[in-house]
Protein chains: 4
Amino acid sequence: MDCKDILNTTYQQILNEENLGAVASYIPELAKVNPDQLGICLITKEGSSYSCGDAQTPFSIQSIAKVLSLSLVFSKIGDDLWKRMDFEPSGNAFNSLVQLESENGIPRNPFINAGAIVMCDIICDLFDDPKKELLNFIRKVSGIADLSYSQNIANSEKQTGFRNYALVNFIKSFGNIKNDCDQVIELYFHLCSIEMTCEQLARTFGYLANQGKQFKTQLEILSSSQTKRINAIMQTCGFYDEAGEFAFKVGLPGKSGVGGGMIAVLPNSYVIATWSPRLNTRGNSYRGIKFLEEFTTATQDTVF
Amino acid sequence: MDCKDILNTTYQQILNEENLGAVASYIPELAKVNPDQLGICLITKEGSSYSCGDAQTPFSIQSIAKVLSLSLVFSKIGDDLWKRMDFEPSGNAFNSLVQLESENGIPRNPFINAGAIVMCDIICDLFDDPKKELLNFIRKVSGIADLSYSQNIANSEKQTGFRNYALVNFIKSFGNIKNDCDQVIELYFHLCSIEMTCEQLARTFGYLANQGKQFKTQLEILSSSQTKRINAIMQTCGFYDEAGEFAFKVGLPGKSGVGGGMIAVLPNSYVIATWSPRLNTRGNSYRGIKFLEEFTTATQDTVF
Amino acid sequence: MDCKDILNTTYQQILNEENLGAVASYIPELAKVNPDQLGICLITKEGSSYSCGDAQTPFSIQSIAKVLSLSLVFSKIGDDLWKRMDFEPSGNAFNSLVQLESENGIPRNPFINAGAIVMCDIICDLFDDPKKELLNFIRKVSGIADLSYSQNIANSEKQTGFRNYALVNFIKSFGNIKNDCDQVIELYFHLCSIEMTCEQLARTFGYLANQGKQFKTQLEILSSSQTKRINAIMQTCGFYDEAGEFAFKVGLPGKSGVGGGMIAVLPNSYVIATWSPRLNTRGNSYRGIKFLEEFTTATQDTVF
Amino acid sequence: MDCKDILNTTYQQILNEENLGAVASYIPELAKVNPDQLGICLITKEGSSYSCGDAQTPFSIQSIAKVLSLSLVFSKIGDDLWKRMDFEPSGNAFNSLVQLESENGIPRNPFINAGAIVMCDIICDLFDDPKKELLNFIRKVSGIADLSYSQNIANSEKQTGFRNYALVNFIKSFGNIKNDCDQVIELYFHLCSIEMTCEQLARTFGYLANQGKQFKTQLEILSSSQTKRINAIMQTCGFYDEAGEFAFKVGLPGKSGVGGGMIAVLPNSYVIATWSPRLNTRGNSYRGIKFLEEFTTATQDTVF
């Protein structure tokens, strides 16, 4: 059975099983979505593309965008980045706050909110118009020339994001935010507002499966060495407090978002993007995790 | 430049650089060792073996032995193991205690002390003479017929291991230790007392680079699927609070011990064992980490 | 209305109200008791004594005995005690473990288990036969010549006290236990096993309301200054995570035990002892707290 | 030796001893002050007033003002206040953040920053012009008709108070802030900006030593019962992580501020205010604590 058949078979199987968990509801925009959609798209380095279900429906990619902000900053300032951030797993959300305190405002990694906020601060340092330049970078990487921030979602985040306001101020109290808190958090909320389809997602992150270069165009986004390192961080920190479980069950580096999207990478081979809005108790897509577990078991794909 | 040359070159380079950190001193036996030794041994699936420096000197493998107790238990009871243990990274030592409390005595993973102690409790459940059976298993896996526990080290651990006594009692207060605390901790101290050379270590863990089978004999230690999972756990949890850094810099699953030993695995390819007693501030071998970083950068070996 | 009338009226009122909470059940001996008993005894400096209800029924005084071990140690070594212990409130139980870690094995105060265990260690230092000498001290203070440890309760504690075994080993790992863990914890379990009636309790602690001297005999247990200090510690640390609430509602220094007993002190005036086995969610006697709140509101007795 | 003589003698003694600790420097206004000033003022219920040293020099009373905001809110809404706040000691600063998380945004007590911020939120609920009404209340209580906020200090707090901005947003994320974060924190910074002399401070808090009524005028600020309760909260929570030590050494309810000021109350007798800018490591005035310890030892004044 080839990859495409396994994809379709697994898709049908998951569709037939019960769908558990709840859609993220902390902002109205996320709660509105039809919870039982399921989209899959796999794109290989060689150019093959396989899609199932709702692979062409745009959704809020949320924290998956943190891989983009990390890529932008890493490509611009290299390892200087790690003066302001660590790359260790953070354990549960509860710990992340305690750790921020005990580690003097140095976030554990670029994928927890604290880390992504510090990354936004660095982007504010780098550019006169950080919001525009971040968007330009995402447009370049994704190849979607007319991509925009979702103003609706950014505004919603802003009206309810008190914990993120708390974070940026808390980190600034340790001196690890250089710019105005409002400007930084504004950029952060816009970063989280990006919408893509599964197909766009899989294409966007092709460089992680191709030594830093986009699949078709071979446009270099990161060096080969930086690419490996981002994959390593995704492996250890990409799924909140389920990183170990994802490594254990799926065995590929990846990143999830509370919108129900996920990407996973088989280095030098393919990127797969999944989307299904219901989240398990640890905040990752219930069907997304399940699909990837079944799929990689059948294909025997794993980095381990 | 082939693998052997890179190994030798990197070895010479590391020898010429300064050697930092301190030897573990919590038990006299560990403190006695000559701190500037450095041994390396790489063994490939195909049967090649390359050694440098003190590769034939036996040393206390300490926590590396936790991979063996995990392998024994996993091979015996399969996924039932995960009813009594998680497989998530634990953050720093400080957190591991708090997490044990907030997670009702379920250790974060099998490689923190709490997890290895629960594993010893399961071994006590499985066998009438757990100490003997564990040793038999290690003899079988390593192929060293006359391997024994180091009574010296086990006794030293016993006399100073109050924190481990605290752990086993604390976990028992949550009901996650079924046997007598003294019996369990006795087994744990013996597990940590095993001594091997780099060459023996690399040979012992061949099954992790060969779908669960030993290199030469093809003796099956674990199923292919279980092997991948142990590699995944080593990747996310194998280096205390430096797991993310090891993934970032080395990019191979592995495990370290406070005796200064380390193993790292390139799946389906090779196992490399290093030993150098001086530890960095996070408890991993200073020269071991450095060697593996330089070596894998030169060979471009990585799972990512 | 005089003190005696208020006592009786309040007693009747509390008896008529519902009785909530659960009896401590972590050891069988505590769970066996009739949960709806209520005993009160107030004894004044001048020699008056008023009792209500089950004031002559013996019960397990549990942590109230920690005031006695503190008094013994304080009288023997004075302020040297505070080299091994602090006298700050500890917040909730969860924190006490974290704090022990971050404060290097120095317990927050003598009334949390960790603190009482360190006190037992000091008693082991002071005497050749610490168990006998502690009992002698309690006999002297209470005036009950034939008082004994309850072997039943001490044994029960021993069989289920894994968390306390954990504590003593954990503290020893920081060097703040000097004697053998087993000996120290044995003494601790015996300390907690003492049984008294409300009347005996009130009489025993007369020295706290009389500048350090027993009411009738004027036998000096502590100096006047030490007495004030013990009252101060009871005020800030005497009721687990309800010390603030007890100060707020009752306004007297005091100490409670999980057997449902409590003492409270109006300095230079009286000691009142209450006993009712059902505990509120914070581990203090539901009716005991309620009685003292109503009683002191009616009498307007408070140190504030 | 009468009270006045003891005051003078103790003052001279403290002046002759070394002065340790550092002036609070987190805002420039506090750092500017001459660090070796020492002022004392004791005012009795009967109308006597004794002053020493710099008792007429105004200084920033900082957190002592939290007793005033608590008194205002308590007098207005009574025990409804405790639906939004607890009255338990908080342990160290580190814990207060963790506890806020684990206790769902309910501050431990009204004297930690989180609690005072929630109090400011309640004041914003109560009044159309909260800043003006709070000032009116403080003018009324202090009898200083022309008292104003120190705009300098309030502005300084604002420019550096990122941790407090973090707190207000964090609490709002739990729903325990009802008003706009900026308005609440603005009020909080103004509350902390009040300046008084020792003499004014002692007079202002006379109601705490007189069942809720001001000394001279007998103006009722709080009910007798509320007054006892505020004294109880000061006793258990008034000195950051030194509340136990203050109870132990001084034995009076009181409150300190990082400006180096302190008040202490002997109920039904007197209020004493001290000021000396150097702070010990726990954030309380080095000489203030020392003075009160010596003074109360000599007078034997204590609530215990």
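Predicted model: local features only at pLDDT ≥ 70, side-chain atom pairs only at ≥ 80, totals over all residues.
Local features were taken only at pLDDT of at least 70 and side-chain atom pairs only at pLDDT 80 or more, while totals for chains, interfaces and linings use all residues. Residues are numbered from 1 along each chain as its sequence is written, and chains are lettered from A, with ligands numbered from 1, in the order in which they are written.

Chain contacts were examined pair by pair. Two residues are in contact if their C-beta atoms, placed from the backbone, lie within 7 Å. Chain B puts 28 residues in contact with 28 residues of chain A. On the chain B side, α4 (93-102), α11 (224-237) and α12 (243-249) each supply at least two residues. Helices (H or I, at least four residues) and strands (E, at least two) are DSSP runs, numbered from the N terminus. The most comes from α11(B), with eight residues. By class, this side of chain B holds 12 nonpolar, 11 polar and five charged residues. Here Ala, Val, Leu, Ile, Met, Phe, Trp, Tyr, Cys and Pro count as nonpolar, Asp, Glu, Lys and Arg as charged, and the others, Gly among them, as polar.

Chains C and D also meet. In this pair, 28 residues of chain D are in contact with 28 residues of chain C. The elements of chain D that give two or more residues to this side are α4 (93-102), α11 and α12. Eight residues, the largest share, come from α11(D). The side of chain D that touches chain C has 12 nonpolar, 11 polar and five charged residues.

Other pairs lack contact. Chain A and chain C do not touch, and their closest C-alpha atoms lie 11 Å apart.

In α11(C), 11 of the 14 residues are buried, so the helix is largely enclosed by the rest of the structure. A residue is buried if 20 or more other C-beta atoms, placed from the backbone, lie within 10 Å of its own, exposed if 12 or fewer, and partly exposed in between. The buried residues include Lys228(C), Arg229(C), Ile230(C) and Cys237(C). Within chain C, they pack against α3 (65-77), α12 (243-249), β6 (254-256) and β7 (261-266). From chain D, α11 and α12 join this packing.

Chain A was assigned domain 1 (3-60 + 196-299) and domain 2 (63-191). These bounds come from an automatic or database domain assignment. The domain centres, taken over C-alpha atoms, are 21 Å apart. The contact takes 27 residues from domain 1 and 25 residues from domain 2. On the domain 1 side, α11(A) gives the most, with five residues.
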